[in-house]
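Open the model in your viewer and keep the selection tool at hand. Each stop below tells you what to select and what is there.

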Amino acid sequence: MTQITLNIEDARDVNLIKKLISRMNGITIAKTTRKRKSGYEQACEDIDNGRVTEWESTESMFKGLGINV
């Protein structure tokens, strides 16, 4: 069995290609699954991309978030 992977930029073309392939005998479309990132992997990605805020204290955090305590 031979497998081919297609990278399609325009999402609108995916349905057309699926229709064409489904009409061909002996060719099937394999379902793909994306590996979900764990919470740890997401946290590391946040750190790498600078999506982390450090606060001096809990009071300053609440004040920065607009929460009056």
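Start by selecting Arg12, which is exposed at 68% relative accessibility. Exposed means over 50% relative accessible area, buried means under 20%, and partly exposed lies in between (1.4 Å probe, protein chains only). This is a predicted model, where local features need pLDDT of at least 70, side-chain atom pairs count only at pLDDT 80 or more, and totals for chains, interfaces and linings use all residues. Residues are numbered from 1 along each chain as its sequence is written, and side-chain values use heavy atoms, with hydrogens and water left out.

**Stop one: the salt bridges**

A salt bridge here is a side-chain nitrogen of Lys or Arg within 4 Å of a carboxyl oxygen of Asp or Glu. Asp10 is partly exposed, at 27% relative accessibility. Side chains of opposite charge can pair when their charged atoms come close.

How many salt bridges does the rule give? The count is 5.

Now select Lys37 and Glu45. Their side chains meet in a salt bridge, at 2.3 Å from N to O. Lys37 is partly exposed at 43% relative accessibility. Glu45 is partly exposed too, at 31%.

Next, select Asp46 and Arg51. Here is another salt bridge, and the closest N and O atoms are 2.8 Å apart. Asp46 counts as partly exposed at 27%, and Arg51 counts as partly exposed at 48%. Now show Lys37, Glu45, Asp46 and Arg51 together: salt bridges that share partners join them into one network.

**Stop two: the largest pocket**

Switch to a surface view. Rolling a probe the size of a water molecule over the atoms shows where empty space is left. A pocket is found on a 1 Å grid over the protein atoms alone: it is an open set of points where a 1.4 Å probe fits, with protein on both sides within 12 Å along at least five of seven lines. Lining residues have an atom within 4 Å of a point.

How much space lies in the largest pocket? About 840 Å³. That volume is the space filled by probe spheres set on the points, which are joined across faces, edges and corners.

Select Ile4, Ile21, Thr28, Ile29 and Ala30. Of the 19 residues lining the largest pocket, these lie nearest its centre. The lining divides into 11 nonpolar, 6 polar and 2 charged residues. In this count, Ala, Val, Leu, Ile, Met, Phe, Trp, Tyr, Cys and Pro are nonpolar, Asp, Glu, Lys and Arg are charged, and the others, Gly among them, are polar.

**Stop three: the nonpolar patch**

Select Trp55, Phe62, Leu65, Ile67 and Val69. They form a nonpolar patch on the surface, with about 520 Å² of accessible area together. Patches are made of residues with over 30% relative accessible area and no salt bridge; like charges are joined within 9 Å, and nonpolar side chains (Val, Leu, Ile, Met, Phe, Trp, Tyr) within 5 Å. Accessible areas come from the Shrake-Rupley method with a 1.4 Å probe, and for residues only the protein chains shown count as cover.

Zoom in on Val69. Where is Val69 found? Look in the segment after α3 (58–64). Helices (H or I, at least four residues) and strands (E, at least two) are DSSP runs, numbered from the N terminus. Val69 is exposed, with a relative accessible area of 86%.

**Stop four: distances across the model**

Select Thr33, in the loop between α1 (12–22) and α2 (39–48). Thr33 is exposed at 75% relative accessibility. Draw a line from Thr33 to Val69: they are 36 residues apart in sequence and 45 Å apart in space, C-alpha to C-alpha.

Move to Thr58, in helix α3. Thr58 is partly exposed, at 48%. From Thr58 to Ile21, the C-alpha atoms are 58 Å apart in space, and the residues are 37 apart in sequence.

Finish at Lys18, in helix α1. Lys18 is partly exposed, with a relative accessible area of 42%. Lys18 and Ser60 lie 42 residues apart in sequence and 54 Å apart in space, C-alpha to C-alpha.
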